[in-house]
Amino acid sequence: MTTVTVLHPGAMGVAVAAELVLGGHEVLWAPNDRGEHTARRATEAGATPCDSLAEALSRSAVVLSVCPPQAAEDVATVVAAHAFAGVYVDVNAISPQRVRRITDEIRPGPAVVDGAVFGPPPGEGRTARLYLAGPGPAVDRVALLFTGSALNVCRVGDTPGSASALKMAFAGYQKAARTLAGIAHALADAHGVGDELTAEAEIMISAILSDPEYVPSVAARAWRWAPEMAEVADTLRGADLPPDMAEATARVLAFWEQDKGRDDLPVADVLAQLRSGRST
């Protein structure tokens, strides 16, 4: 049995805590300044409240930070102030840069493991993936906590930030795609063509993210897609809808304007152009 502090048992945190409890581990949490709803969820998950964070940390070998991304550094700072010396796992949707700042903030005490959860909160028939990056022994210790659980561990290297980079890449697409869908439906609805948009969407290719070989064909068409996105932005403004994402898409497409008609370019070359820091 390993004693783990979970900060804090929100929707995802409490699901992770429940998996740890089911695996025979002791889960602690600090109820200071937390609401009744959080307390009820923690109790239902089998987590044990402590009188203070200091007590929880003194008893724990591992700390899991599962909080809103904007609070990740504050949580790490509080833990660092208590001289915790175990394994600190940041399981938040944050950038690799923030992970590195947290690593610098919390050392030299604990080993820092970068974590990222993919999928819904685990449990009740649902499974999720926990990607981990960091020092091998620390990652091994965290991985053992979830042996046989609904949270399947995947390793992505020894460098903290790698797991978060994967999360940012996936979440950037996933969240932006759903937001764009909302804008598209709002625009179609404003012009009375919502049903037709839905019908067209049903026959379109939807597995774009799983097929990077498709990207060169996007670059090859950027020269005409960028002006089209400018027209989309103008149409959105005319419907009193935010044009920002269309305008941003046009700016990104400008990085590929020199690739007109060159859909045979290697994927690596096309992706590298987005990292060049300049557009034509």
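Select Phe170 to begin: with a relative accessibility of 34%, this residue counts as partly exposed (buried is under 20% relative accessible area, exposed over 50%, partly exposed in between; 1.4 Å probe, protein chains only). Phe170 belongs to helix H7, residues 162–190 (helices, H or I of at least four residues, and strands, E of at least two, are DSSP runs numbered from the N terminus). The model is predicted; local features need pLDDT of at least 70, side-chain atom pairs count only at pLDDT 80 or more, and totals for chains, interfaces and linings use all residues. Residues are numbered from 1 along each chain as its sequence is written, and side-chain values use heavy atoms, with hydrogens and water left out.

The structure holds 2 aromatic pairs (rings of Phe, Tyr and Trp, the latter by its six-membered ring, with centres within 6.5 Å; planes under 30 degrees apart are stacked, over 60 edge-to-face, the rest tilted). Phe118 and Tyr131 are edge-to-face, because their centres lie 5.0 Å apart and their planes meet at 65 degrees. This pair joins strand E6 (residues 111–118) to strand E7 (residues 128–133), its members being 13 residues apart. Phe118 and Phe170 form a tilted pair, at 5.3 Å centre to centre and 55 degrees; these two are 52 residues apart. Phe118, Tyr131 and Phe170 make up one aromatic cluster.

Now select Lys167, whose charged end sits over the ring of Phe118, 5.1 Å from its centre (NZ of Lys or CZ of Arg within 6 Å of the ring centre and within 35 degrees of the ring normal). Finally, move to Trp223: the charged end of Lys260 sits over this ring, 4.1 Å from its centre.
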